[in-house]
Amino acid sequence: MTDLDSPRVYPLRLYGDPVLRRKAKPLQATDTLTVPGFDPQTVRQVANSMLETMFEARGVGLAAPQIGLPVRMFVAVEYEDDEEENEGGDDNLRSRVLREFVMLNPVLKVINKKKDRSYQEGCLSIPGIYEEGVPRARAVQVSYTDLDGMSRVVEADDYLARVFQHEADHLDGVLFLDRLPAEVTEDYRKELLAIGQKSRTFLNDLAAHEQRRRAERA
């Protein structure tokens, strides 16, 4: 782990990490944030690094708890074609971006209650596991604050609506597997145990890193 004022990418928190189950707290665009393992940064710096982290991991969204920061912020993008087709490829995802979103304190309102279960869903914090059938509202309206502290409202349907709902779930400690029958999680028990072990190893390394930093500054 490296101490940088503006890291290009953050380590991703994995399934089993307690931060993924915490309800995140509101924030202001003017706040100073401290991602564990790194120096304090502005909200804009954190958001920029979150986007870089998301692109490197070939994702379509990333919530602050996924980098160990329990605040109500997520980043997301709309690609020119379905991200499901891009996942795992080598093409430059940035070249496919139609719209980029950084949302602080997002509030979702369902504007089409009909449930859509047709898309495959995964999560950067649960690598390698993908499932269809996660019920999501077909269309949502999101009210949020942008990086300039301005209030914004955006509407989304289909895949982008799913992305917003998935990331908003992270802010309440909810993972996509929670929205599927319990037997689905049980089917992935071996894989989840392995991911959980990686999570514990990371947390142990992070604790040792933070202890060294404190000793150096004493």
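## Basis and confidence

In this predicted model, local features need pLDDT of at least 70 and side-chain atom pairs count only at pLDDT 80 or more, whereas totals for chains, interfaces and linings use all residues. Residues are numbered from 1 along each chain as its sequence is written, and side-chain values use heavy atoms, with hydrogens and water left out.

The chain has a mean pLDDT (the predictor's confidence in each residue, from 0 to 100) of 91, and 92% of its residues reach 70 or more. Confidence is highest in β3, at 98, and lowest in helix α2 (residues 83-86), at a mean of 48. Over residues 1-5, pLDDT stays under 50.

## Helix α1

Helices (H or I, at least four residues) and strands (E, at least two) are DSSP runs, numbered from the N terminus. Helix α1 covers residues 43-56, 14 residues in total. Just after α1, R58 takes a positive phi of about 60°.

Buried residues (under 20% relative accessible area, 1.4 Å probe, protein chains only) of α1 include V43, V46, L51 and F55. Among the elements that cover the buried residues of α1 are β3 (61-63), β4 (73-79) and β5 (97-116).

## The residue E167

An unreviewed UniProt entry places the feature "active site" at E167; such annotations may be inferred rather than shown by experiment. E167 is found in helix α3 (residues 158-170) and is buried, with a relative accessible area of 4%.

Leaving aside neighbours within four places in sequence, E167 is in contact (heavy atoms within 4.5 Å) with G61, L62, A63, Q66, F74 and V75. A polar atom of the E167 side chain lies 3.2 Å from the backbone nitrogen of A63.

Terms used. The expected span of a helix is 1.5 Å times one less than its number of residues. Buried means under 20% relative accessible area, exposed over 50%, partly exposed in between (1.4 Å probe, protein chains only). A polar contact is a pair of N or O atoms within 3.5 Å; within protein, one must be able to donate a hydrogen and the other to accept it, and residues adjacent in sequence count only if both atoms are side-chain atoms.
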